[in-house]
Amino acid sequence: MSDAAQYSSSSELAVLRAADVWKSYDNGSIKVLNGVDFHAHAGRTVALCGPSGCGKSTLLHLLGGLDEPDRGSISLNGAPLRLSRSSLRLLRYQVGFVFQLHNLIPDLTLEENCLIPTVAAGTNRRQAHARLMQLTERTGLTHRLDQRIQKLSGGERQRTALCRALMNRPRILLADEPTGSLDEHTSGQVFELLLELVETEGITLVMATHDRALAEQCDRLVEMHDGRAYES
Amino acid sequence: MIFFKLIVTNLQRHRVRSLISIAGIAFSVAAMLTVVTILQGAVAMFSGILSSDSELIVFERNVSDLFFSNVPDEAVMRIGAWPTVQHANAVLFGIVSSSDHPIITCFGVTPSDARIHNATWLSGSRDDFAKDDSQVVLGERAAEFLNARSGSRVQIGHGSFNVLGIVRTANGFEDGGVFMPLGTAQTFFHKQGLSSVATVKLKNKENAAAFERAVQARYPNLIALEDKEFNQSYSQFKILTATAWAVGGCGLLLGGLGVANTMIMSVFTRIREIAILRVNGFSNKQIAGMIFGESALVSVAGAAAGLLIGWMAIFALKFVPALHGYVDAHVRLYVMLAVVGLACITGIAGALYPAFYAVRIRAVEALRFE
């Protein structure tokens, strides 16, 4: 039995779990998630696949505490997720986000963008800088540290977003179409880098993607349609 | 450093808007500083008239204005003879108008009054003062606007007087006024045997409290106050000071509304950025701190510019001939601190709603915001 198969068959060791999660918008007129059950294991990669509007991003937002489910529960390391201020703050250090649009602040440099999570966490400046150097070396961005975001290519911007997401050494990385805005070649490069980083850092990756070829490189593939998740 | 850069960056992004906000605060601060300083200067000058070579002032109890106060000559004379008193001078204040000038302040004084003695006589002789009831002495500015010289005849109110001399004083009110012999002034203002106040100098300042009690016991209709006490309690000074702060406060309120508008716009234009910061762990306190920081920077920059503009305006007003002696260009430290403090409070108050709005931004919705 492969590792992926072994973990997919049991959710007992899940670090992240959604149980019977429902979510709708516009006072229930737009139903997005209809009783989703989902789990992800420590250090494993999971791809969420499905057509646009099937609820991939919504599930990621709920898993990362950016939004609340209408019904059902989300738990992190076995503890239910609470959206209180202190819980959310802790959650931000345990969970990193990468979005399709890089969501970097254009007026800041690459270095400053990457350091934002460490400012939020109040990390010691020297430690933050050491971590920055480590990540930018691995993503090949060291020579671009003082460049403003506007001067970076699409691939560089997404790699910067990846560095920023990993600055506080999160245990879970939630990636919403991280290569969706890149060309095929760059997309492949960024995805390879993403897999390499999560593997070396022992991070759990949950990635929403349209790209089945990329999804198949993950340990598990979860299909989403009609607001529900199915193991593939 | 990055936190500070996030604050500054937003101000730099919208330079014109930021400058307009800073200008709003600056002009409010300048207006407040100018109005308060000028009025305080005026109050200081007026109190300077009263305290000329004296420590205490005796006047009629419960009068709203010293112009309505009546102190009998006999009381002044007796008080002056008390063993603790070095001298007591009767002074009668009156206001008249001429064809060109709606207000001319007249001072009815005795020849021994410090105003006559300490002034610089530009023409005429102080020894001749009060020798002739029809002669008056003009302050330098009064001589200018009445177009008078020593020996000429001037129309003051319903009376016509010969100009004995022209004096220069450090006090704007006195410089723009007319000094009459006390008796002449009493006749002119129909206050025979009365003066407005008695200014008193004691042989020993320590006896001030005892002197005040003695006046109260001997003349229940009169009150004696030390100059400092008088300045703090005189209702006209209180009204002037309150008016100055109120006018300045209104200016600052307008400046504060400008800051509030700027900060609201600032939050609206950076909703997505705030969401990004939220997703990356920024707490409510940090988000609010960013908004308040931006507002505080605008306020501090505005206050600094306002202090400079205000000081320049006061300095320039000092050289306007018509205001000669009226403007005290010395800006008091507590006024500066109060004005800057008020500017900062106003700016921060202006950021309250924007900060409240900013911390309520939900990242998931804001990230969809373009």
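Figure 1. A:Ala47 has A:Leu221 of S9(A) as its bridge partner. The model shown is predicted: local features require pLDDT of at least 70, side-chain atom pairs count only at pLDDT 80 or more, and totals for chains, interfaces and linings use all residues. Residues are numbered from 1 along each chain as its sequence is written, and chains are lettered from A and ligands numbered from 1 in the order in which they are written. S3(A) and S9(A) run parallel and are joined by four bridges; strands are DSSP runs of E with at least two residues, helices are runs of H or I with at least four, and both are numbered from the N terminus. Two strands are said to pair if DSSP finds at least two bridges between them.

**Figure 2. Strand S3 of chain A and its surroundings.** S3(A) also pairs with strand S8 (residues 204-209) of chain A, in the parallel sense, through five bridges. Five of the five residues of S3(A) (residues 45-49) are buried, so the strand is largely enclosed by the rest of the structure. A residue is buried if 20 or more other C-beta atoms lie within 10 Å of its own, exposed if 12 or fewer do, and partly exposed in between, with C-beta atoms placed from the backbone. In a regular strand the side chains alternate between the two faces of the sheet. A:Thr45, A:Ala47 and A:Cys49 point one way from S3(A), whereas A:Val46 and A:Leu48 point the other way.

**Figure 3. The hairpin of strands S9 and S10 in chain A.** Strand S9 (residues 220-225) and strand S10 (residues 228-231) of chain A run antiparallel and are joined by four bridges. A:Met224 has A:Ala229 of S10(A) as its bridge partner. Two residues lie between the strands of this hairpin, in which A:Asp226 adopts a positive phi near 55 degrees.

**Figure 4. The open four-stranded sheet of chain A.** The strand order is S2-S1-S4-S5, with antiparallel pairing. Strand S1 (residues 14-25) and strand S4 (residues 71-76) of chain A are linked by five bridges, and A:Ala18 stands opposite A:Ile74 in S4(A).

**Figure 5. The side of chain B that touches chain A.** Chain B contributes 18 residues to the contact and chain A contributes 21 residues; two residues are in contact if their C-beta atoms, placed from the backbone, lie within 7 Å. On the chain B side, two or more residues each come from helix H1 (2-13), helix H11 (271-279), helix H12 (284-318) and helix H15 (363-366). H1(B) gives the most, with five residues. The residues on this side comprise nine nonpolar, six polar and three charged.

**Figure 6. Helix H1 of chain B.** The 12 residues of H1(B) should span 16 Å at 1.5 Å a residue, and the end C-alpha atoms are 16 Å apart, which agrees. The expected span is 1.5 Å times one less than the number of residues in the helix. B:Ile2, B:Leu6, B:Asn10 and B:Leu11 of H1(B) are buried.

Notes. Nonpolar A, V, L, I, M, F, W, Y, C, P; charged D, E, K, R; others polar.
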